[in-house]
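Take a look at the model, then read on.

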Amino acid sequence: MTDPAKNPLFRFPGLKPAAWFFFLFLYAPIVVLLALAFNDNQQATIWTGFSTRWFGIVLNNDDLVRAFKNSITVATTATLAATLIATLAALGMNRARFPGQDGINALISLPLIVPEIVTAVATLLFFIMLGFPLGLSTVILAHTVFCIPFAYLPIRARLEGMDPRLEEAAQDLYADRRRTFLRVVLPQLWPGIISGAMLAFIISLDDFVITYFVAGAGATTLPIYIFGMIRIGISPEVNAVSALMLAVSILFVAASWLVGRIRR
Amino acid sequence: MARQTGESGRRALLIAPSVLVIGFFMLVPVFIMAAISFMERGSGGGVNWNSFTTEPYLQFLFERDLDDSLLLNTDYLQIFFRSIWLAVLTTLLTLAVGLPTALYMALQPERRRNLLIFLVTIPFWTNLLVRNYAWILLLRNNGLIDQVLIGLGLRSEPMGVLYSTFSIAVGLTYTFMPFMVLPVYASLEKMDWRLVEAAYDLGANRWRALRRVVLPLAMPGIAAGCILVFIPCLGAFVTPELLGGGKSLMIGNLIQSQFGAARNWPFGAALSMALLVSVLLAMMLYLWRYRRAPGGA
């Protein structure tokens, strides 16, 4: 078969301009934001010269640093809990056919289907009804719940792609269940677990809507703090924080790319 | 037999934590919310737990006059329709740009394809607030788009488009673009291009081959993309809040205001139920048409 990329029959007019438009549309705002983060001027959108001073100002803002620490605490705890729960579920669901399986699958993917704002409202009302004080613990609980499906999907996909004969071979060679799991299943499963955990971590770190509803007064995370800043108005500080968050995202995508390469 | 019971018991233990956690912290809260949507508003702003009323749902369409008679009030209905209209518009716009882009990507050599996917995923992983903030910088009065247009002499004054339904549509399209491109690309990437060659052999021209062969084969990806864009769009909160500036509301903002300034939890719960039911209907329509089992990996 000829390579479709080289075959002139598959050159459709108009595709290239559309793709150019798409990538321009996708990247223009990001490039503008990054450039303005290095702007010296007090006015956020009037360029007067290159400067990194806003980064210094932002990194010395105690409230912002505290919000960042909260975000890291929440994302780390929720990721560990969600990834553990998701790994167990993926192992339990693997290669099984049992009644109610579709229902369990639907339940695990429920946080992906229900709109965030509905989850936020329902969770808030639930905590209020239980008399649970709002704070970091309620944020962590809520994050754990919606991170489970994000961690679950890559782990499940990895398990589905594994060769069952390797496990059978290990058992033929007198490995018991525990040994088979530790020496055969787990080493193959790691890349799936890591990409699931990374996905959960970034989703938790970025979450705004659910956190906004279930965070108490002391539980300000980075997105909540940034939202407050944007509400007041555009400023060089917001440009700088945004650029930093953008850098973190790019590093994360690059890292997940590397994990993806190990997979193959 | 004993081995089999051990096996299913082991499976049950593995699956139990996820079912319990999501069941208790997600499914139970949704049922509580459904119950609260049928309760009276408490005097202090909370909920009167021992009441039953359909008032929150009536409030969606009517308001009570001084003499307790119901008057039609279309304010909320307008917000609901604006949300649906914006979600449909965003889906169509992302499809119009996303379909040709995905086809372009699928027709690139493999190395470049991987690079392009990488480029599509970066904004996808970037914080939602940051992405919307970038558009405030571009769209606001004397923002960058104004500066460029005025600098080029195309306009003499700012456009004043920030804080309008237009800027929400731009923000939503920007936010959800990758959600359309990625699934459509995934369905086109696996495509057997010999089928298109066969269409040419049978006398089809480019347009016909595209419409009768490529498009039907891309349909599962297009449908998945539409659902991935439409559902979160309908419940959007951040984009209308930041780019609509409180003037042009969507359901998400209306729900939030019931838990903030308005302090009317039952009405907020009823609005959330309306949103949830709309989303589940869209989801069921999709599953009924494109997949047999729900949630299968």
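On a 1 Å grid over the protein atoms alone, a cavity is a set of points where a 1.4 Å probe fits but cannot get out, and a lining residue has an atom within 4 Å of a point. This is a predicted model, where local features need pLDDT of at least 70, side-chain atom pairs count only at pLDDT 80 or more, and totals for chains, interfaces and linings use all residues. Residues are numbered from 1 along each chain as its sequence is written, chains are lettered from A in the order in which they are written, and side-chain values use heavy atoms, with hydrogens and water left out.

**Enclosed spaces**

How many cavities of 30 Å³ or more are there? The count is two. Let's begin with the second largest cavity, which is lined by A:S71, A:V74, A:H143, A:S204, A:L205, A:D207, A:T211, A:T221 and A:P223. Helices here are DSSP runs (H or I, at least four residues), numbered from the N terminus.

The largest cavity has residues from both chains around it: A:T119, A:T123, A:F127, A:L141, A:A142, A:V145, A:F146, A:I210, B:F25 and B:M26. At least two lining residues each come from α6 (116-130) and α7 (136-160) of chain A and from α1 (2-36) of chain B. The largest share, four residues, belongs to α7(A).

**An open pocket**

A pocket, unlike a cavity, is an open set of points with protein on both sides within 12 Å along at least five of seven lines. The second largest pocket is lined by 23 residues, and those closest to its centre are A:L91, A:E167, A:R177, A:V185 and B:R10. Its lining draws at least two residues each from α3, α8 (164-172) and α9 of chain A and from α1 of chain B. Which element gives the most to this lining? That is α9(A), with six residues.

For the classes, Ala, Val, Leu, Ile, Met, Phe, Trp, Tyr, Cys and Pro count as nonpolar, Asp, Glu, Lys and Arg as charged, and the others, Gly among them, as polar.

| Space | Volume | Lining by class |
|---|---|---|
| Largest cavity | about 70 Å³ | eight nonpolar, two polar, no charged residues |
| Second largest cavity | about 30 Å³ | three nonpolar, five polar, one charged residue |
| Second largest pocket | about 720 Å³ | ten nonpolar, five polar, eight charged residues |

**Where the chains meet**

Now for the contact between the chains (heavy atoms within 4.5 Å). It takes 91 residues from chain B and 93 residues from chain A. The area buried between them is about 8500 Å², and carbon and sulfur atoms give 81% of it. Buried area is the accessible area (1.4 Å probe) that two parts lose on being put together, summed over both. B:M26, B:W125 and B:Y133 supply 10% of the area that chain B buries against chain A, more than any other three residues. B:M26 also lines the largest cavity.

**Charged pairs**

Side chains of opposite charge can pair when their charged atoms come close. A salt bridge here is a side-chain nitrogen of Lys or Arg within 4 Å of a carboxyl oxygen of Asp or Glu. The whole structure has five of them over all chains, and one salt bridge crosses the interface of chain B and chain A. A:R231 pairs with B:E241 in a salt bridge, with the closest N and O atoms 2.4 Å apart. On the side of chain B that touches chain A, α1(B) gives the most, with 22 residues. That side divides into 64 nonpolar, 17 polar and ten charged residues.

Within chain A, A:R66 forms a salt bridge with A:D63, and their closest N and O atoms are 3.3 Å apart. Both residues lie in helix α3 of chain A, three residues apart, about one turn of the helix.

Key
Points joined across faces, edges and corners; volume = space filled by probe spheres on them.
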